[in-house]
Amino acid sequence: MDMRQLRYFYTIATEGQITRAAKILHMAQPPLSQSLKALESEIGVPLFERNGKKMELTDAGEVLYKKADYFFKFFDEALTEVKETGEGLKGQLTVGCVKTLFSHVPQKIKSFREKYPNVTFELREGDSYLLAEQLNNRNIDLAIVRLPLDMEPYSSLFLPEENYVAIMPEQWAKSYESETITMNELANLPLLLLRRISGVGQYELIMDKFEKRGLTPNIVTVCPDVDMILELVNVEVGASILPASILKKHFNAGIKGFSIEDETIISKSAIIWLKDRYLSKSKQRFIEYFEESIKYRAWKD
């Protein structure tokens, strides 16, 4: 088996059809089919099940596809490293970001593109667990996530911490005399909380705070999307507990924020990347923009 055969197999598996794979590889179908047959004969097991025109991977094919995917991503990284030697910054950065942290990104990209106009960006959104999975699979270069998260596989740059605040519909807020609210008062409100699709996150952090006080909050809705939470608060479905920056970013006349009087809930976040992955010059420079921003904020404070 050589790299050419592996590339042919990988393209067929990705596309699911010989016809589409042949178009992408700019070759005729017969030699592509012959190459696949020769590969299966050499390995000694079928790699696909033929279902009409559709090609479905066998268990053996699935194993080879995953290994090939890993190999080609490593190979592409090696080529990038070689090309970057003696060249200016260019190429694409794929950055994943939790929606509640996106306020960190726009100005960084603007400044970066002004200095390095040959670098382009692809942005992806998801919760911290999903972005970590994409990072592990090498589908993204960097991820901006909220913690907690298993940090063992990653290098990281921690972003400034922020407090959680309570938010509620403006009409409800009229019955409160102060700008603060207690955990007991929050427990008696219908609550809408952010919760990751998988793994431990801020939902568990907030619930732990209630549990330590012997409180059982009235959770009426959980979801992974902050915009959905804000819309629900706006139409008076319930109140929520969110990082303070979200309230500033999504200023809404129908929503009012309260500091939590008797509890400090801290939101921690970080920009992360795989420890064992080549860190291109573009990635290094982009991370440096975050470092400079953090240093400036610390100096200003």
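This is a predicted model: local features need pLDDT of at least 70, side-chain atom pairs count only at pLDDT 80 or more; totals for chains, interfaces and linings use all residues.
With which residue does Arg146 form a salt bridge? The legends below answer this and describe further close-up views.

View 1. Residues are numbered from 1 along each chain as its sequence is written, and side-chain values use heavy atoms, with hydrogens and water left out. Arg146 pairs with Glu162 in a salt bridge (a side-chain nitrogen of Lys or Arg within 4 Å of a carboxyl oxygen of Asp or Glu), the closest N and O atoms being 3.1 Å apart. Because Arg146 belongs to strand S5 and Glu162 to strand S6, the pair ties together parts 16 residues apart in sequence. Strands are DSSP runs of E, at least two residues, and helices are runs of H or I, at least four, numbered from the N terminus. Arg146 is buried, with a relative accessible area of 3%; buried means under 20%, exposed over 50% and partly exposed in between (1.4 Å probe, protein chains only). Glu162 is also buried, at 15%.

View 2. The side chains of Glu114 and Lys110 meet at 2.8 Å, N to O. The two residues are four apart in helix H5, and therefore separated by about one helical turn. Glu114 is exposed, at 56%, whereas Lys110 is partly exposed, at 46%.

**View 3. Thr11 in helix H1.** Thr11 is found in helix H1, residues 3-15, and is buried at 8% relative accessibility. Not counting residues up to four places away in sequence, Thr11 touches Ala21, Ile24 and Leu25, a contact being heavy atoms within 4.5 Å.
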